[in-house]
Amino acid sequence: MPIRSLWRTLAVLAVGALTAVLLAPAAVQAAPRESRPVYSYADAVRESVWVDTGLDEDRDGRTDRVAADIVRPAEPARQGRKVPVIMDASPYYSCCGRGNESQLKTYDPQGHVVQMPLFYDNYFVPRGYAFVGVDLAGTNRSDGCVDVGGRSDIGSAKAVVDWLGGRARAYTSRTGGTPVKASWTDGTTGMIGKSWDATIANGVAATGVRNLRTIVPISGISSWYDYYFAQGAQLYDGGPDELAGYVESEQAHCAAVQKELADGSPDSGDWTRLWTERDYVKDAGKVRASVFLVHGMQDLNVRTKHVGQWWDALARHGVERKIWLSQTGHVDPFDYRRGAWVDTLHRWFDHELLGYDNGIDREPMADIERHPDQWTTSAVWPPRDTRTTTLYPARGATHGVGTLGPHRATGTETFTDDPSRGETDWAADLTRSTPDKAAFITPALAAPLRVSGSSRVTVTATPSTASAHLSAVLVDLGPDTIRDYADSGEGITTLTERTCFGASTAGDSACFKATAARTADVGATVVSRGWADLGHHASLAKGTPLVPGRAYTMTLDLAVTDHVVARGHRLALVVAGTDKDLVEPPATRPTLTLDLARTTARIPLSGGPAALDRATTAPPAGRTLTVVGTPRCLTGHGDRCTAEADR
C-alpha cells in the first residue's frame, strides 16, 4: 500500500474508533461496522442556502451564489452531534433530470426541496448522513454561467465543499439574506454523480480541496478535450458552447462565456488553453480524496479512455481507489446491479466518511462484468501479471484479411475511408475482404487471453489526400451473449415494477422502476477502440495538412477495457478510416496504405507474452476447442463470482 494510502487509512480508522468511544453508551460497546436507518426521513430538516463562489462569471457586478439544497436528519443536531455529507453537484436538476426516470428537483411554497432526485437522500439520511444537491453555477436556482468543466463549474461545487468545511460564506437567499454556517456537519464530505456530475467530482478532487474525503464518479469525464476529440479527430458535431446553452437557466447573461467556449474549442481538434484548464488528469497529484470509479466498458458517450487515464494517473500518485467495470454503455450501476451497488456504496461511505472498519478496503480492488449479470473480481487492477505484449499484423491470402501474431512482417495493405461504415460493420465482415478496412486476426486460441488495461496501436500510413482519419479497433471474434449496448437502453430494459431503497414521503418516493439486462447474441464483440486525425501525428497542439504520398507514423490510444477472449475465439485488430456515428469524417475520402513492418499493436495481457504464446500455440492433436468460455461464478451467491487470478 502506498505511504499516502496507509497513513490515510490509519487516520480514518482512528477517527472511527474515537467516534465509537464518544458515542458508546458503555465502554464495552464494540466499534460500529454499519450505519443503520435510525433517524426519521419524514422529519428530516430541508433547507436551502446560497454559497458565495467568489466569482462573477455572469458579469453583473456581484459575486455569484450557487444554490445548495440540503436534506439532513434532525435528531443528531438536537443531540449535539455532527453528520457527514454526501453531495451531488449537477447541471441537470431543472433542465433534464437525473436517473433512469429523469427526476427533477421539486419545491414547496417556501422554496424547500420536496423531491430530491435519486435514492441517495432516501437511503442515507435515515442512516445519519446529510445529502446536499448543488445546482451548478448558471443552472436552476444558481447565479453565474455554465463553462463546461472550467473554473465556474468546478469552482461553484468546490465553494460548497469549502462552506461545509467552514471556509466559505453562505446565505439564506440568492440575494441579500442572513449569513448561515454549516454547524450541523463536521465537514467530512463525499461527492457522487453520473456523467457531468461525476466529472465535477473529478474536477473538484483535482483541486486538492480539504475535507473532501472520497468521490464516486460514475461514467465521468477526466479531460474535456477527450470528450470532444480523439487525438485531433472530432467526435461530435458541436462544442461546449452548445452544451452550456442546453443546461443554462438564463442564457442572456452568459453570451460572453459561450463565445469564449466556442472560440477556445475550434473544430480543428487543436489543443488549446481551454482544454488545459479542463484537464483533470494533469492534477491527479493534488487529489486528497479516495476514488471509487464506475464505468461501462461499452460507454460510447463518455468513452473508457476517461476512466483509464484517470485511474492510471491516480495510481501513479498513490491514491486509494476502487473500480467497477460493467458491460453496459452509459448506465448507472443502480440500473444494472442494484442490490449489490447499494450495499457496496453504503459500506464505502461508512468506511470513508464515518471511519467504520467494515473491511471494504481489504476486499478486491475491481469488480468486472464478464457476461450479463455475471461478475468476477480482481485483488488489484489491472492484475499484477499484466504485461504489455506486442502483436504484429501480416498479409494474408485474401486482400485486407491478414494475420496477427508475435512476429514482425513486411508488406502493405490498403483501404479507402468510407464514412457510411463503422466498427460493427467491420466486426461483422472481419473474415471478408471489404475496401474500407484492413483486418488482422490471430489463430483460434488454445487458451483464454485476458486483455486488461489500455492498448496502443502504432500505424505507419501513406494517405492519398491532404486529410485522413484513422480508427483502430480490437475485436473478439467468436459467438457470445453480451449486453446490447447499441440498443437505446445501452444494455438494460426498464420494467414496470419498482424496488425500494430507503424511506419515502408523499413528495419523494424511494421506489424506482426495476431493470433487467437486455442482451444480444453476437458473432463478434468490439473490445476496445481508438481514433485519431493523421494531421495531428506530430502534436495535438496544431494539426497540419498531409502531403499525399508521404508516410506518417502515429500512435492511437485505445480505450481501457478488461475482456477475456475465450478459448476457441480469435482476437482481431481492424485498422480503418472514419468510424460511422462515432467520428466526424475528414474533408476528403483518402485511400491509405499501411506499412505493416512499421505497424504494431501493444496490448496489455494478463500473463504477457507467455500467455500469448500459450494461447496461439496449436493444441495437441485430437483436442477439441470450445467456443464460448464459462464464467467462474460461485453458485448460490447471486451475481457474486470468484476472484480471478492476480498472478
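This is a predicted model: local features need pLDDT of at least 70, side-chain atom pairs count only at pLDDT 80 or more; totals for chains, interfaces and linings use all residues.
User: Which residues of H8 are buried?

Analyst: Val-257, Gln-258 and Leu-261 are buried in H8, which covers residues 255-263. Seen down the helix axis, the buried residues of H8 fall within an arc of 100°, so they line one face of the helix.

User: How do you know how H7 is oriented relative to H8?

Analyst: By the angle of their axes: H7 and H8 cross at roughly 150°, and their axes come within 7 Å. Angles over 145 degrees count as roughly antiparallel, so H7 is roughly antiparallel to H8. Pro-240, Asp-241, Ala-244 and Gly-245 of H7 make the contact with Gln-258, Leu-261 and Ala-262 of H8. By class, that contact has four nonpolar residues, two polar ones and one charged.

User: And what angle do H4 and H5 make, and what is that arrangement called?

Analyst: Helix H4 (residues 151-164) packs against helix H5 (residues 196-205) at about 70°, with the axes 9 Å apart. The span from 65 to 115 degrees counts as roughly perpendicular, so that is the term for H4 and H5. The crossing of H4 past H5 is right-handed.

User: Which residues make the contact of H4 with H5?

Analyst: From H4 come Asp-153, Ile-154, Ala-157, Lys-158 and Val-161, and from H5 come Trp-196, Thr-199, Ile-200, Gly-203 and Val-204. Sorted by class, the contact of H4 with H5 has six nonpolar, two polar and two charged residues.

User: One last stop: is Thr-188 buried or exposed, and how do you know?

Analyst: Thr-188, which is found in strand S9 (residues 185-194), has a relative accessibility of 6%. Buried means under 20%, so Thr-188 counts as buried. Leaving out residues up to four places away in sequence, Thr-188 touches Pro-84, Val-85, Asn-211, Arg-213 and Leu-353.

Note on methods. Residues are numbered from 1 along each chain as its sequence is written. Side-chain values use heavy atoms; hydrogens and water are left out. Axes are lines fitted to C-alpha atoms, for helices over the stretch in contact, and angles run from 0 to 180 degrees between N-to-C directions. Helices (H or I, at least four residues) and strands (E, at least two) are DSSP runs, numbered from the N terminus. Angles under 35 degrees count as roughly parallel, over 145 as roughly antiparallel, 65 to 115 as roughly perpendicular and the rest as oblique. A crossing is left-handed if the near helix is turned anticlockwise from the far one by less than a right angle, and right-handed if clockwise. Contact means heavy atoms within 4.5 Å. Ala, Val, Leu, Ile, Met, Phe, Trp, Tyr, Cys and Pro count as nonpolar, Asp, Glu, Lys and Arg as charged, and the others, Gly among them, as polar. Buried means under 20% relative accessible area, exposed over 50%, partly exposed in between (1.4 Å probe, protein chains only). The arc is that of the directions from the helix axis to the C-beta atoms.
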